[in-house]
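Please look over the sequence and the structure shown below. A short report on selected features comes after them.

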Amino acid sequence: MGLTAARPDRTSLLWPGVLVGIGIAGTLDEVVLHQLLAWHHFYDRSTTTVGLVSDGLFHILSTAVLVIGIIQLVERRRTSPDPPRLALAGILLGAGGFNLYDGTIQHKLLRLHQVRAGVPNNLPYDLAFIALAATLALAGALILRHTRQPTPDDRSP
């Protein structure tokens with residue numbers, strides 16, 4: 001393998017797709033779970049004011065990641081030989097991976113917040129949240145695997 005094999009492909013649609021997925025998951029989490037349903041704040045271990053400020057900072061960050069990912073996807077789509085399904089794989093991997101991180105590290109390990117704060121039993125919410133995240137990540141991995149498999153035309157005789 002030459003040196004080019006070690007360098008990341010700067011035209012790939014995968015990594016901008018991952019950024020878009022992280023941005024979508026973060027923004028949907030913020031809008032739906034934090035604002036519309038008011039189930040929790042990004043940081044629930046302090047006052048409501050601190051929780052709201054943490055939500056605002058999280059929202060700014062997730063929106064920035066989403067915008068950066070979209071810009072990179074648009075720019076790379078013009079020059080990339082990658083099929084669009086590679087971007088879809090990245091989006092699903094990013095969204096699923098972000099929510100797996102959120103559900104395991106932030107919810108359980110760090111205890112920054114729970115899926116639904118204030119209920120006596122969080123287990124059904126945790127299971128549903130993590131199952132949805134795992135399903136998204138698995139779907140992305142399957143699309144990525146299928147996209148990267150060589151076709152009969154790609155194989156040497």
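## Basis

The model is predicted.

## Helix H2

Helix H2 covers residues 14-36, which is 23 residues. After H2 comes Ala38, which has a positive phi, near 55°.

Trp15 belongs to helix H2. Its relative accessible area is 56%, and because the cut-off for exposed is over 50%, Trp15 counts as exposed. From Trp15 to Ala89 the C-alpha to C-alpha distance is 9.7 Å, although the two are 74 residues apart in sequence.

## Packing of H2 and H3

Two packed helices are described by the angle between their axes and the distance between the axes. For H2 and helix H3 (residues 48-77), the angle is about 150° and the axes are 7 Å apart. Angles over 145 degrees count as roughly antiparallel, so H2 is roughly antiparallel to H3.

The crossing of H2 past H3 is left-handed. In the contact of H2 with H3, 12 residues are nonpolar, 11 are polar and 4 are charged.

## Aromatic pairs

There are 3 aromatic pairs in the structure. One of them joins Phe42 and Phe58: the ring centres are 5.1 Å apart and the planes are at 20°, so this pair is stacked, planes under 30 degrees apart being counted that way. Phe42 sits in the loop between H2 and H3, and Phe58 sits in helix H3, 16 residues apart, so that the pair links distant parts of the chain. With a relative accessibility of 22%, Phe42 is partly exposed, whereas Phe58 is buried, with a relative accessible area of 10%.

Phe58 also pairs with Phe98, with ring centres 6.2 Å apart and planes at 15°, so this pair is stacked. This pair too links distant parts of the chain, with Phe58 in helix H3 and Phe98 in helix H4 (residues 84-109), 40 residues apart. Both Phe58 and Phe98 are buried.

## The cluster

Which residues form one aromatic cluster? Phe42, Phe58 and Phe98 do. Phe58 takes part in the pair with Phe42 and in the pair with Phe98.

Notes: Residues are numbered from 1 along each chain as its sequence is written. This is a predicted model: local features need pLDDT of at least 70, side-chain atom pairs count only at pLDDT 80 or more; totals for chains, interfaces and linings use all residues. Side-chain values use heavy atoms; hydrogens and water are left out. Helices (H or I, at least four residues) and strands (E, at least two) are DSSP runs, numbered from the N terminus. The expected span of a helix is 1.5 Å times one less than its number of residues. Buried means under 20% relative accessible area, exposed over 50%, partly exposed in between (1.4 Å probe, protein chains only). Axes are lines fitted to C-alpha atoms, for helices over the stretch in contact, and angles run from 0 to 180 degrees between N-to-C directions. Angles under 35 degrees count as roughly parallel, over 145 as roughly antiparallel, 65 to 115 as roughly perpendicular and the rest as oblique. A crossing is left-handed if the near helix is turned anticlockwise from the far one by less than a right angle, and right-handed if clockwise. Ala, Val, Leu, Ile, Met, Phe, Trp, Tyr, Cys and Pro count as nonpolar, Asp, Glu, Lys and Arg as charged, and the others, Gly among them, as polar. Rings of Phe, Tyr and Trp (its six-membered ring) pair if their centres lie within 6.5 Å; planes under 30 degrees apart count as stacked, over 60 as edge-to-face and the rest as tilted.
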